[in-house]
Amino acid sequence: MAQNNPEKPAPTTPVTPVTPVTLLGLGAMGTALARTWLAAGHPLTVWNRSTARAAALAAEGARVADDAAGAVAANSLVVVCLLDDASVGEVLDGVDLDGKDVVNLTTTTPAQARARAAWAGERGARYLDGGIMAVPPMIGVPDAGAYVIYSGSPELFERHRATLAVPAGTTYVGEDAGFAALHDVALLSAMYGMFAGVTHAFALIRAEDIDPASLAPLLTDWLGAMAPSVHQTAARLNSGDYTTGVVSNLGMQVGGVATFLDTAEQQGVNPELLLPYFELMRRRLAEGDAGEDLTGVVDLLVRPRRPAV
């Protein structure tokens, strides 16, 4: 009589445990981060000065701590997303950070980030600083382009990389805790420079029978075509060669400044957004080589650092 062989259980896929997260600060960005971690199944403990936002997240599965100290005590990974560096100091004053992994996503200066890293180390914590390159609606949205720049402990970054990558992409820029803030401000500075140029462009057509919507795609395409020039600027700064292969040299570009200023005057537009850059171009031409490109303007902006006291 044949025996029935019992069915073998189907192989199971090992489940990777998700890291519990503590999040301090539930502004628009903090709330977006919180919801993304919750949706991904991460146990989340939150704290916020005002309780209304915390209560809303409690309904979505977050544990709400009574105070910052309780929130920090709940988990090893502590993410901070507050208003400014002073807020970080106030909220964590007197809180036991010994053995904690602190990831500070609060917008700060490089000097503040370095000081905060030392401050955290004195309290027994490991520290990672982050600069968020996104607005809240981009958080947790695949292909939205959101990412966070991190600097500080490389071991800490590797340990929590998967968790940190849940709300947005991750880019590590170095062990110096101030580098994330520095990259953040550098990128945003370039953004505001672009906004200034776009503002001037729209102002030029404002009094004409030109639909701004018709200029917008032309601006987008033109700025996109010019963006790769940043790689050439970086290469020239590294090599120190500002003249080889130059197509539009400094002398020619300074010579064309009058056209921009005359057009602005004719259109009744204040050229104040362009004037500082044009003045730097003129200064570089007076001091340098007409055959250069515009890279030398960078050197005009860099002032010698004062020695540390």
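**Legends to close-up views of the predicted model**

**View 1. Charges, surface and overall dimensions of the protein.** The mean positions of the 20 positive and 33 negative charges of the protein lie 6 Å apart, where Lys and Arg count as positive, Asp and Glu count as negative, and His and the chain ends are not counted; the place of a charge is taken as NZ of Lys, CZ of Arg, CG of Asp or CD of Glu. This is a predicted model, in which local features need pLDDT of at least 70 and side-chain atom pairs count only at pLDDT 80 or more, whereas totals for chains, interfaces and linings use all residues. Residues are numbered from 1 along each chain as its sequence is written, and side-chain values use heavy atoms, with hydrogens and water left out. The protein exposes about 18,100 Å², of which carbon and sulfur atoms supply 57%, the accessible areas coming from the Shrake-Rupley method with a 1.4 Å probe and, for residues, only the protein chains shown counting as cover. Along its principal axes the C-alpha trace spans about 95 × 65 × 40 Å.

View 2. Eight strands form an open sheet in the order β3-β2-β1-β4-β5-β6-β7-β8, with mixed pairing. The edge strands are β3 (63-64) and β8 (169-172), each of which pairs on one side only; two strands pair if DSSP finds at least two bridges between them.

View 3. Strand β1 (residues 21-24) runs parallel to β4 and is joined to it by four bridges, with V21 opposite L77. Four bridges also join β4 to strand β5 (residues 101-104), again in parallel; here V78 stands opposite V102 and V80 opposite N104.

**View 4. Strand β2 beside β1.** From strand β2 (residues 44-47), L44 and V46 point one way and T45 and W47 the other, and all are buried. Strands β1 and β2 pair in the parallel sense over four bridges, and V21 stands opposite L44.

View 5. D101 belongs to strand β5 and is buried, with a relative accessible area of 3%. Leaving aside neighbours within four places in sequence, D101 is in contact (heavy atoms within 4.5 Å) with S76, L77, V78, R126, L156, R159 and H160. D101 and T31, 70 residues apart in sequence, are 20 Å apart in space, C-alpha to C-alpha.

View 6. T36 is found in helix α1 (residues 28-39) and is buried, with a relative accessible area of 12%. Beyond its neighbours within four places in sequence, T36 is in contact with I139, G140, V166 and P167.

Conventions
Helices (H or I, at least four residues) and strands (E, at least two) are DSSP runs, numbered from the N terminus. Buried means under 20% relative accessible area, exposed over 50%, partly exposed in between (1.4 Å probe, protein chains only).
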